[in-house]
Amino acid sequence: MAADVDRIRELTRELLIALGEDPGREGLQKTPERVARALAFLTSGYRTDLAKVINNAIFTQSTNSMVIVKNIELYSLCEHHMLPFFGRAHIGYIPTGKVFGVSKLARLVDMYARRLQLQERLTEQVSQAIMETIDARGVGVMIEARHLCMMMRGVEKQNSVMVTSSVLGTFRDSQATREEFLALVGTRPA
Ligand SMILES: [Zn+2]
């Protein structure tokens, strides 16, 4: 289902009025239209089909070694404030015969990030999608992100980075595998 851009445009106009602004002044005349289009894009993950994202980019490979993709840029909106959070995702998995084309992992992250999200849920959704799509032996996902709702308001902690992780399969069951993943991914500020 497409985002209702017409309705979002009208609501944004009303929002500007409620904020004490004049939606008719020059700088704001096209703002409702821009906001509607931006929000439609930033929530396009609701309307994206996982199968189409993955399409034709799963390859057969007989490796059993851990595959790591680090520093996937991530931009999302927190569902509590509809303000951005952004950072990086690090993904590791142990395949059972199928591996992802690298760019597809980034697309998969985008698909779940372009929604109203909680960082914890985003992390779990990415790990579960990888696990199920390629029937991996194990998956680990770590996300480091800064939340504008914390940085611009509230506690105003400018430098705090929230770190979440989700481990499935052997990453959950084997401490050695989990430690290998964490060592390869390392941790540094987003
Ligand atoms: Zn928030």
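Cys149 is buried, with a relative accessible area of 9%. In this predicted model, Cys149 is one of the protein donors of the zinc ion, to which it contributes its SG atom. Along the sequence, the donor residues follow the spacing C-x2-H-x67-C. Cys149 falls below the 20% limit under which a residue counts as buried.

Helix 8 spans residues 175-185 and contains the buried residues Thr177, Phe181 and Val185. Viewed down the helix axis, these buried residues fall within an arc of 60 degrees, so they line one face of helix 8. In an α-helix there are 3.6 residues a turn, so residues three or four places apart point the same way. On the other side of helix 8, Gln175, Ala176 and Ala183 are exposed. The cover over the buried residues of helix 8 includes strand 2 (67-78), strand 3 (84-94), strand 6 (138-147) and helix 7 (170-173). Helix 8 is followed by Gly186, which has a positive phi near 65 degrees.

The largest pocket has a volume of about 260 Å³. Its lining comprises 13 residues, and Thr12, Leu15, Val35, Leu39 and Met82 lie nearest the centre. Helix 1 (5-18) and helix 2 (31-42) are the elements that give two or more residues to this lining. Helix 2 gives the most, with five residues. By class, the lining of the largest pocket consists of 11 nonpolar and two polar residues, with no charged residues.

The second largest pocket has a volume of about 170 Å³. It is lined by 13 residues, of which Phe41, Leu42, Tyr75, Ser76 and Arg114 are the closest to its centre. Two or more lining residues come from each of helix 2, strand 2, strand 3 and helix 4 (102-113). Strand 2 supplies the largest share of the lining, five residues. Nine nonpolar, one polar and three charged residues make up the lining of the second largest pocket.

Definitions and conventions: Residues are numbered from 1 along each chain as its sequence is written. This is a predicted model: local features need pLDDT of at least 70, side-chain atom pairs count only at pLDDT 80 or more; totals for chains, interfaces and linings use all residues. Side-chain values use heavy atoms; hydrogens and water are left out. Buried means under 20% relative accessible area, exposed over 50%, partly exposed in between (1.4 Å probe, protein chains only). Helices (H or I, at least four residues) and strands (E, at least two) are DSSP runs, numbered from the N terminus. The arc is that of the directions from the helix axis to the C-beta atoms. Contact means heavy atoms within 4.5 Å. Donors are N, O and S atoms within 2.8 Å of the metal (3.2 Å for Na, K and Ca); water is not among the atoms, so sites may look incomplete. On a 1 Å grid over the protein atoms alone, a cavity is a set of points where a 1.4 Å probe fits but cannot get out, and a pocket is an open set with protein on both sides within 12 Å along at least five of seven lines; lining residues have an atom within 4 Å of a point. Grid points are joined across faces, edges and corners, and a volume is the space filled by probe spheres set on the points. Ala, Val, Leu, Ile, Met, Phe, Trp, Tyr, Cys and Pro count as nonpolar, Asp, Glu, Lys and Arg as charged, and the others, Gly among them, as polar.
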